[in-house]
Amino acid sequence: MTSIIDDSRPIFVQIAQRIEEDIIAGSLLEETQVPSTNQFASLYQINPATAAKGVNLLVDQGILYKKRGIGMFVAEGARQRLVENRKEQFYEQYVVAMIQEANKLGITAEQLADMIRRGDA
Amino acid sequence: MQSAVAVSNLTKTYGKVAAVSEVSFTMEPNKIYGLLGRNGAGKTTIMHMITAQLFPTSGELRVFGEAPYENANVLSQICFIKEGQKYPDLFRISDVLDVAGGCFKNWDNEYAYSLVEEFRLPLKRRMKKLSRGMLSSVGIIIGLASRAPLTLFDEPYLGLDAVARSLFYNRLIEDYAEHPRTIVLSTHLIDEVSQLLEHVMVIDKGRLILNEESEMLRGRALTVIGSAAAVESFAAGKEMIEREAFGSLMKSTVMGGIDEDEIRRARALGLETTAVSLQQLIVHLTNGNSERGAVRL
């Protein structure tokens with residue numbers, strides 16, 4: 001079975017995140033239609049109710065909206081809002097974890113800054 | 001809403017042995033249920049009672065609001081694909097499909113024949129000449145094409161290869177999306193079906209020990225590995241469903257109150273963490289020797 005879905009979190013959260021990724025990466029543009037619940041279900045081999053729950057999570061957040069009788073669309077301004085959210089999470093998820101690991105290995109702040117500059121080049 | 005199946009205090013005893021004891025649950029219409037548990041746990045007995053092939057010793061049983069026994073109105077809405085289903089030896093596959101077509105109101109003959117091609121079955125071969133896997137495929141095709149409002153698959157894939165099983169899951173999801181109905185899947189291959197299930201019921205020693213939305217179960221248990229002291233400190237106040245010590249190291253699976261903060265706390269304690277699949281969770285819950293009551297999350 002598809003290993004794209006992992007066991008650590010509810011599937012609907014993972015589906016919502018996947019759609020968010022596609023919006024941030026620009027493969028799902030604003031005002032375009034997202035795949036239907038049933039398409040998500042057969043693509044990931046998951047229960048359609050679960051796929052619907054993931055889509056509805058984004059509807060509740062105003063990232064997607066429903067056009068009656070047609071389907072779900074990406075809302076205007078969705079990408080900008082997702083990027084802002086992500087930036088807030090970035091510090092928590094990456095920076096804090098990186099500093100913890102650096103401390104463990106005895107890497108100084110200066111060395112860490114050097115590495116970041118090197119990685120950025 | 002009218003429930004598809006409602007049982008309360010359902011019990012089946014054989015002499016002194018209770019195959020099913022005091023089981024109560026309801027199944028809502030148009031959901032996919034997983035009925036899971038070890039061999040001899042009582043899953044098949046429960047399905048036999050739901051489909052009126054066995055009398056309960058005691059307890060209440062309603063299918064689509066009515067007692068199923070000798071009730072044509074109810075039984076015509078049920079399709080039960082049994083493990084190791086037997087067919088008349090001299091029937092060809094096409095004969096079996098003809099008979100099945102006469103039994104089910106919603107039968108889709110065109111769909112059945114398209115599945116025969118996909119499962120690569122020899123339509124004109126007699127049933128006694130079919131391999132075990134082919135027989136299982138015939139059952140799966142009947143179960144899917146019947147589109148019965150209540151369809152039960154009891155370990156439907158004896159001898160079925162991985163390709164055919166995957167085909168079954170794909171077609172099941174697609175057809176269910178188009179034609180929602182109540183589906184009960186009983187299987188040991190939990191990892192393969194866990195994503196398809198909306199709801200999970202675990203039977204152990206004749207008792208219902210877990211009855212939960214499957215999404216609720218994801219991420220609810222966590223396996224941690226690290227120094228015994230750190231593991232003990234992390235596990236305090238949680239239910240430990242597995243513990244194994246090697247030297248100063250300890251591996252433990254805990255359940256209850258697991259969220260991102262807790263995972264971060266575990267890592268801060270220097271523990272390694274891994275997610276627990278539904279299959280692993282059920283193995284932990286059903287392999288103990290002790291009598292376990294209902295599981296609390």
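Trainee: Which domains does the domain assignment of chain B give?
Mentor: This is a predicted model, in which local features need pLDDT of at least 70, side-chain atom pairs count only at pLDDT 80 or more, and totals for chains, interfaces and linings use all residues; side-chain values use heavy atoms, with hydrogens and water left out. Residues are numbered from 1 along each chain as its sequence is written, while chains are lettered from A and ligands numbered from 1 in the order in which they are written. Domain bounds come from an automatic or database domain assignment. For chain B it gives domain 1 (5–215) and domain 2 (220–286).

Trainee: How many residues of domain 2 of chain B are in contact with domain 1 of chain B?
Mentor: Let's start with the spacing: the C-alpha centres of the two domains of chain B lie 35 Å apart. Contact means heavy atoms within 4.5 Å. On that basis, 12 residues of domain 1 of chain B touch domain 2 of chain B, and the number on the domain 2 side is six.

Trainee: Which residues touch the most other members of the largest nonpolar core?
Mentor: A nonpolar core is a set of buried Ala, Val, Leu, Ile, Met, Phe, Trp, Tyr and Cys residues joined through side-chain atoms within 4.5 Å. Buried means under 20% relative accessible area, exposed over 50%, and partly exposed in between (1.4 Å probe, protein chains only). This core has 57 residues, and those touching the most other members are F119(B), V138(B), I142(B) and F168(B).

Trainee: Is L217(B) buried or exposed?
Mentor: L217(B) sits in helix α8 (residues 214–217) of chain B. Its C-alpha is 10 Å from that of S194(B), 23 residues away in sequence. With a relative accessible area of 4%, L217(B) is buried.

Trainee: And K129(B): buried or exposed?
Mentor: K129(B) is placed in the loop between α4 (109–118) and α5 (132–146) of chain B. From its C-alpha to that of F80(B), 49 residues away along the chain, the separation is 23 Å. The relative accessible area of K129(B) is 58%, so K129(B) is exposed.

Trainee: Turning to chain A, what distance separates the centres of domain 1 and domain 2?
Mentor: Chain A is divided into domain 1 (11–76) and domain 2 (79–120). Nine residues of domain 1 of chain A are in contact with six residues of domain 2 of chain A. Taken over C-alpha atoms, the centres of these domains are separated by 30 Å.

Trainee: What is the relative accessible area of Q111(A)?
Mentor: Q111(A) belongs to helix α5 (residues 109–120) of chain A. Q111(A) is partly exposed, and its relative accessible area is 41%.

Technical notes
Helix = DSSP H or I, 4+ residues; strand = E, 2+ residues; numbered from the N terminus.
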